[in-house]
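Colleague: Could you show me how to read the way helices pack against each other? I am new to this and would like to go step by step.

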Amino acid sequence: MLEIKNLHAEVDGNKILRGIDLVVRPGEIHAIMGPNGSGKSTLSYVLAGKDDYEITEGTITYNGVDWSEMSAHERAAAGMFLAFQYPIEIPGVATMTFLKTALNAQRKARGEDEISTPDFMKLVREKSKALNVTPEMLRRPLNVGFSGGEKKRAEILQMSLLEPTLCVLDETDSGLDIDALRVVSEGVNQLRSPDRSMIVITHYQRLLDHIVPDVVHVLSKGKIVKTGGKELALELEKNGYAEYVDEEAA
Amino acid sequence: MNAPAKIQETKAEQSLDAQFNALIAEKTQTNANQRKQAWDAFKAKGIPHRRVEEWHYTDLRTKMRDAFALAPTCVPKADVLQGAGGLESYRIAIVNGRFAPELSSNQELDGLTVTATDGVVSSELASKDAMISLNQALVQGGISIEVAANAKIEKPIEIVRYTDGADVSSYASTCVEIGAGANVLFIESFEGENGADYQSNAFTEIKVGDEADVHWLKLQVESQKAQHIETLGIELGAKVNFQHFIYNEGSSLSRAQLFVELKGEGTHAGLRGISLLQDQQHADITLYVNHAVPECESREYYRTVVDDKARAVFQGKIIVEPAAQKTDGQMMIKSLLLSDAAEINAKPELEIFADDVQCAHGSTTGDIDEDLLFYLTARGIPEAQARKILILAFLSEAVEEFEEERCVELLEAMTRKWLHADEMVSE
């Protein structure tokens, strides 16, 4: 279970998160929606443990463990996965090598045996097929020359290989056409499970037609200003964020 | 009274004086006149220092405290030679400047002729640079390598240059003539006793005939205390594909100077390399690439990783002569500085006298990209390992561009070893 209490965070001295309270239980999907600049991506980076994102107040605990002093790789081994809004291209790093290195690093951190090469190959073949990730893509350097849709599919492939228990999807719908959105959403839905929590960050409601959340939060100016069921997303689609932005400004 | 003060001879210069006088006093010395000429050319300049523009960033006069005695003839055990790390090859061994047939392949290889020489050569370059002049004055031995026209030599030709002993110096010269249409890979290693302080100075001239395809890998893995100076004079005919790659890891002070002449149309010259520097190493790569004729392409791509207090120097000059229309020359220097005290001096230059050319140069210097690092750590890879992966990736791009499969594995293994990243990645 993820528990965020009164979380304040800043980047380069700019206060971005100003007191977030959030509890996500196993099996739940929470959507976080909000206007541009409300702190959605910052929240995802703070959860993943990016270096220059500093927690100034409040706590993040996951399964009872305080995450404030844990580095990004330790959080990953503890179950955290961030699907990036803009997956980074890394020339010179072969995709397969990267996947295996990441998987084994996490297994090692958890005190498990490394996966053998044949088992790994089999696993990748199975998982990549469902996400329409071609062998040709896997032969390329990590994300290099991938289209927007290919990058997002590759992110979900990583997620399904690493089997995290806490998934944060940062605007996974951005840059996707309708078909790609469906493939990615199906990939995510297959990963829904009673012991896996997800936080889906999005600006638009359309992703939530495919990945149906249990709870929807509205983030504005670094705070959750409204929480509701999935119908809240539809309301936002109709009325926009103006109400929340103005309320804050007033 | 503004008469210029005469520069005082350094201890190293005094030692060189004594060595040359002793050498020339030997009645049996070959080519004494040519040696004297070379010596005079050296004496006129002395050991290069920072006021000599080409040596500005590598003040050898200050750095070279003494000139070690000329290394004697000797034959070390074969197993000390590393060469191309076990790759099946035709081996030519040179120990302390002299051809060592005992350590070389003894069977004939079709299309290849290797002959021992005294090392004194007629070269226009001999008077161009003080360290080439010095090489020619003191040279201990040499070889001439000929590759016959149209010979397709499957096995790599390995040239292992080993300096045996400490507090010695070795001077060697090599002439390589590659016939038209030949296809060959050379792997040349510069090595010596681990941790020994010695000085090596090699001078090699390579002439490549029309339509030949030549890959040349230089492994500079001298002792970490050694001083290494190598000069290459390269002349390329027409429609040649010449690919040179430097792997720079050894020596406390090293300098590779390449003088490349593109003399025939339609030739492609690729000059690439990676330097891995740590502690207080100083590594200098200096290039002169002269496009004398139209429609040639040259690529000068070097990548450097500098840690601790090490310093890398890159000087590259592409000259495009008036006749050399349609020249395509691209020079790019990329450096990763891993510590605050690490330093790189990059000086790419273009001198263009033709009007219809495509030339560019650039250089980038920086630390490891934090966003890349975060992406890897967010996937569970510990930071130290992630850094190594990114350094390896940075270097492997250069290695792949060399386009010689037999060398890629060797170079990647050496790079991983340098990074202490053996166990890290599984293919």
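Predicted model: local features only at pLDDT ≥ 70, side-chain atom pairs only at ≥ 80, totals over all residues.

Colleague: At what angle do helix H3 and helix H4 of chain A pack?

Modeller: Start with the helix axes. Helix H3 (residues 95–109) of chain A packs on helix H4 (residues 117–130) of chain A at about 110 degrees, and their axes are 11 Å apart. Angles of 65 to 115 degrees count as roughly perpendicular, so H3(A) and H4(A) are roughly perpendicular to each other.

Colleague: Which residues make the contact?

Modeller: H3(A) brings Met96(A), Leu99(A), Lys100(A) and Leu103(A), while H4(A) brings Thr117(A), Phe120(A), Met121(A), Leu123(A) and Val124(A). By type, the contact has 7 nonpolar residues, 1 polar and 1 charged.

Colleague: Is the crossing of H3(A) and H4(A) left-handed or right-handed?

Modeller: H3(A) passes H4(A) in a right-handed crossing. Now try chain B: there H2(B) passes H4(B) in a left-handed crossing.

Colleague: How do the axes of those chain B helices cross?

Modeller: Helix H2 (residues 32–45) and helix H4 (residues 130–138) of chain B cross at roughly 145 degrees, with axes that come within 8 Å. Among the residues that meet are Trp39(B) and Phe42(B) in H2(B) and Leu134(B) in H4(B). This contact divides into 8 nonpolar, 2 polar and 2 charged residues.

Colleague: How many disulfides does the whole structure have?

Modeller: The search over all chains finds 0 disulfides.

Definitions and conventions:
Residues numbered from 1 in each chain as written. Chains lettered and ligands numbered in written order. Heavy atoms only, no water. Axes fitted to C-alpha atoms, helices over the stretch in contact; angles between N-to-C directions. Helix = DSSP H or I, 4+ residues; strand = E, 2+ residues; numbered from the N terminus. Parallel < 35°, antiparallel > 145°, perpendicular 65-115°, else oblique. Left-handed = near helix turned anticlockwise from the far one by under 90°. Contact = heavy atoms within 4.5 Å. Nonpolar A, V, L, I, M, F, W, Y, C, P; charged D, E, K, R; others polar. Disulfide = S-S within 2.5 Å.
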